[in-house]
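Subject: Structure handover and notes

Hello,

Please find the structure below, followed by my notes on it.

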Amino acid sequence: MNRRAMLSALLGAGALAATALSDVALAGDAPAATPRRVVVLDWGLTEMVLSIGVVPVGIANTRDFRRNFTACDVPASVVDLGLMFQPNMELLFALKPDLIVISPAHARLQAALERVAPTVTLGRYRSSEAPYSAARAETLQLARLLGCEARAEALLAQADMVLDHARTALAALPGASAVGGAKGRPLYMVNFIDEAHVRVFGPNSFYGELMMTLGLQNAVHSGAFSTTGFDVLGNVPDATLLYMKPLAPSVVNMMKTSPLWHAMPFKNDGRMMGLPRVPPDGCVLSAMLFARVLVDAFEQTSERTGSAKEHA
Amino acid sequence: MKSVATVHVVPSRRWPLLPVYLVIVLAALLSLHRLEDRLPASLWWQALVAPSPTDLRQLLVHYGDLPRIAVAWLCGAALGLAGVATQQVLRNPLAEPMTLGIFSGSYLGLSIATVYAPGLLISGRDGVALAGGAVALAIVFALAARRGISPLALILGGMIVNLCCGALSFALAISHYDLLSALMIWGGGSLGQHDWSVALALLVRLVPCVALLLLCMRPMAVFDLGDTVASSLGVSLRMTRGAALFLTLLVTAFVVSAVGVIGFIGLAAPTLARLAGARRLRDRMVWSPLFGAALLWLADQIAQEFAGRFGTTIPTGAITTLLGAPLLLVMLRRLRGRPDLTHAPAMQSDPLSSRALALTAGVCVLLLLVVIGLSLGVGRGLAGWHVSRPEEIGALLFLRLPHVVAAMGVGVLLALAGGIVQRMTGNPMASPDLLGITAGGAMGLTGALFLTASPGLPTFLVWCACGSVITLGALLLFARKSSYAPDTLILAGVTISAVFQAVSTIAVASDDPRVIVLYNLLAGSTYNVSAGAAGVVAVVALAALGAVPFCRRWLEILPLGAAVSRGLGVNISVARFALLLLSALLTAAATLVIGPLSFIGLMAPHMTRMLGIRRAAPLLFVSAALGAALMVASDWLGRWVLFPQEMPAGVMATLLGGLYLIVTMFKRNPRDASGS
């Protein structure tokens, strides 16, 4: 309980620091050449910009961003520019941005966007072998551009601390080795696509790298992710299953009725945990959230197994 | 495919079912190979009858592999039977759930439900899939009814509905990508099972439908005799046709809601049955389901084998489409009693006097000017709709002008291409999309996106141009034998479109993050048009307008039929080749700028004909003006209707076109009914 409280406190402090710093930044104490009116067209990069205390003037598809990137707080002042790959140009023009942050997938738009404001292409961290480390490097790169290196350094230090604490917390859990942990069982990290398909995340994914950092063992040994039928989850018999919530009704139904699901080793031994949604292509804020939801899930499970043992 | 064709040439009475056996043996071998990987042979029997609850391998076989095979059999057989039934009652060898639009209607229905009414899907997909398929089928029939439900009219109607449903699905996928990605993967046809419930549910639903269809067999056999004889025998053709189609619709909806879109089994199975020697309806109704089951089983085993070997999932539906598309080409050479496309359609309105013609043309040009004015001067911002002041227009001109110029240019190009194709083929429902050029361009775009690293605009242009040119080359090569006969061209176009569909299904089901970019590319958008590109399009459009007078004579004479044309001294092959090349180039230019998917080529000439303009030159010029106006309007609406989301102009144009067709259909049906 203590550890969880401490993690939450750390995260809260970080958020406060972010707000305070963004106020300073808005007050205009940075040099004039630093971009102040930033537009971000990519969700992961929107998180990156927000994480270093800069509030963008416009982002793509605000509604769906809020739903998917739960670690970020999007102020109401941020303008919705419409679709990610076809932002409304006139609205963009009217916002008079002085920097547009895009991902490599926006290459097709770059020439048109350059006419409105200088663009910078980031977001290659996604296709990196170590997405989280790459996202950290890109965060620093972005911070240099926006003149808030100090904030970024603080953010990364905070993230290190959060991940460190989470790692210690996970290693110290009494039931850790029973459900998966530092020296415990391997873990499958999956997203249910529908009742038959799962996206399984390997060590080169954002989740995968974080799991490794947290001292957890991935049941998959290579790659970023693959989309397969859920029957492959039986390949590692002693694995624990972690999945992202919420589940579609058809998946919930399948879990209730399918004999195959009930025969899955993790299901039999109750080694499965649902985690609150963390985007699979997030940045540092999402990484901290991921660490917290993992610790929460493991602590709850070990409390449950602990109390079950007492009852027995 | 080749071996099957030989069987037809030398019909072997002793081994009529040899091809089925071959497919079954192949599928069975692949299945056994898969089973062997899973489980030692000594445990197979146990896994089949009473799997040990502690042995996951046995459970996987019992609840995964076996029901998957059962579902493949059931769906394949059901689609095979559905194919025979529709082909019989419509006397159309190309009719099947895919070509009739049922699949895309069901898929669109499911997309809409997923986004706006997920509650409808909790109890299952059946109802939604059925409703979507029924609406699509009804529209296809209403469209085809205008041409007396002729075989090709149905296929074209189906294609129009497929395009429309596709555009709507695109719009939904672009704006609600995160909700629909699951549907995209499933929609490619996924047969994966995790218990016997789907197989049992399918069995329970399909058996009554099949029984009823078999009951209809006797009245259905009468369709072999032709309408007149059949009616004189006292069989209600309409009743039988309606009942058979309704049952087909039910069967298809059940299959879609169980396993997603499985294309071309309904086409391939009856064709193979016929080629293998099944002549009588009774034989075909037994053999096609067998062929269907065997084919889908094989396709699914290939899909699994591929997934196991390369680690990437390939949807079973894409494999069936890839197998089925070449079959369409084989079919087309064997199609007996090809529909007569040169038959001039009944004209609904009287020709215009020259004064009325001038007036109509003037109104069209005025319309174009009004739309241009709207597009340049009216927009939406954070404060709502507003009319821009002159200095604002000046400031925004660099954004708005390329859109308007490109939209106009593309409108003109597609309208001219459409007008030429419709004149040349004598088919008022033909459009440049149907030549497959746009599909070729789209394949190029897909290739650029997935095969090159972060492609920019020039890369896309080059790939798209290559795709279009290769397609055009293939089309020319293929159609040369038949002196570029219209029906050959269109069926080849349908085939190319089908192949593209399979490719895009594979791409979409790959679960790659780039899929959303693909959707944006394929929707036909003026979004990325640079000032330079807009200028080039404008120049090409002007050149095309200048070329119209030179092909006037051909366009006047060709619709009169081959014999008349030859009598008047026209070299048909040369004329068709030149016109095909011209329209293909115009289409390719348009595709390069805004991407595939545009209805303008179909709609603009059609509307012009409805205005009463007959002669080739005025028809082309007026439809160019209308096409430009429609395209500019679509572009403008697309930018502002769902503000701040910009809908691609291609999607808007397709929706406008679809609405227009449906409206005219309801307006004109009574007259058609009384005329026939």
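The largest nonpolar core has 265 residues, and those touching the most other members are A:Ile52, A:Val101, A:Met189, A:Leu275, A:Phe290 and A:Leu294. A nonpolar core here is a set of buried Ala, Val, Leu, Ile, Met, Phe, Trp, Tyr and Cys residues joined through side-chain atoms within 4.5 Å. Buried means under 20% relative accessible area, exposed over 50%, and partly exposed in between, with a 1.4 Å probe and protein chains only. With residues up to four places away in sequence not counted, A:Ile52 touches A:Thr139, A:Leu142, A:Ala143, A:Leu146, A:Cys148, A:Arg151, A:Ala152 and A:Leu155; contact means heavy atoms within 4.5 Å. A second core, separate and of 23 residues, includes A:Tyr243, A:Val251, A:Met255 and A:Phe266.

This is a predicted model, in which local features need pLDDT of at least 70 and side-chain atom pairs count only at pLDDT 80 or more, while totals for chains, interfaces and linings use all residues. Residues are numbered from 1 along each chain as its sequence is written, chains are lettered from A and ligands numbered from 1 in the order in which they are written, and side-chain values use heavy atoms, with hydrogens and water left out.

The two chains

Chain A has 312 residues, of which 56% count as buried. Its secondary structure comprises 13 helices and 11 strands; helices (H or I, at least four residues) and strands (E, at least two) are DSSP runs, numbered from the N terminus. Of the contacts in chain A between residues at least 6 apart in sequence, 62% join residues at least 24 apart. The accessible surface of chain A is about 12,200 Å², and carbon and sulfur atoms hold 57% of that. Accessible areas come from the Shrake-Rupley method with a 1.4 Å probe, and for residues only the protein chains shown count as cover.

Chain B has 676 residues, 58% of them buried, and contains 28 helices and two strands. For contacts in chain B with a separation of 6 or more, 77% are between residues 24 or more positions apart. The accessible surface of chain B is about 26,300 Å², with 71% belonging to carbon and sulfur atoms.

Aromatic rings

Over all chains there are 16 aromatic pairs. Rings of Phe, Tyr and Trp (its six-membered ring) pair if their centres lie within 6.5 Å; planes under 30 degrees apart count as stacked, over 60 as edge-to-face and the rest as tilted. One of the pairs is A:Phe192 with A:Trp261, edge-to-face at 5.7 Å centre to centre and 70 degrees between the planes. A:Phe192 lies in strand E6 (residues 186-192) of chain A and A:Trp261 in helix H11 (residues 259-263) of chain A, so this pair ties together parts that are 69 residues apart in sequence. A:Phe192 is buried at 13% relative accessibility, and A:Trp261 is buried at 0%. A further pair, A:Phe201 with A:Tyr207, is also edge-to-face, with 4.7 Å centre to centre and 75 degrees between the planes. A:Phe201 is buried at 4% relative accessible area and A:Tyr207 at 0%. One aromatic cluster is formed by A:Phe192, A:Phe230, A:Tyr243, A:Trp261 and A:Phe266.

Two arginines sit over phenylalanine rings. The charged end of A:Arg108 is over the ring of B:Phe460, 5.9 Å from its centre, and B:Arg205 lies over the face of B:Phe254 at 5.8 Å from the ring centre. The criterion is NZ of Lys or CZ of Arg within 6 Å of the ring centre and within 35 degrees of the ring normal.

Helices of chain B

Helix H17 (residues 390-425) of chain B bends by about 70 degrees at B:Leu397, the bend being the angle between axes fitted to the seven residues ending there and the seven starting there. After H17(B) comes B:Gly426, with a positive phi near 65 degrees.

B:Leu518 is in helix H21 (residues 515-522) of chain B and is buried at 0% relative accessibility. Apart from neighbours within four places in sequence, B:Leu518 contacts B:Thr446, B:Leu449, B:Phe450, B:Ala507 and B:Val508. B:Leu518 and B:Leu449 are 69 residues apart in sequence, with 7.1 Å from C-alpha to C-alpha.

B:Thr248 is in helix H12 (residues 237-259) of chain B and is buried at 1% relative accessibility. Apart from neighbours within four places in sequence, B:Thr248 contacts B:Ala82, B:Ala85 and B:Thr86.

Regards
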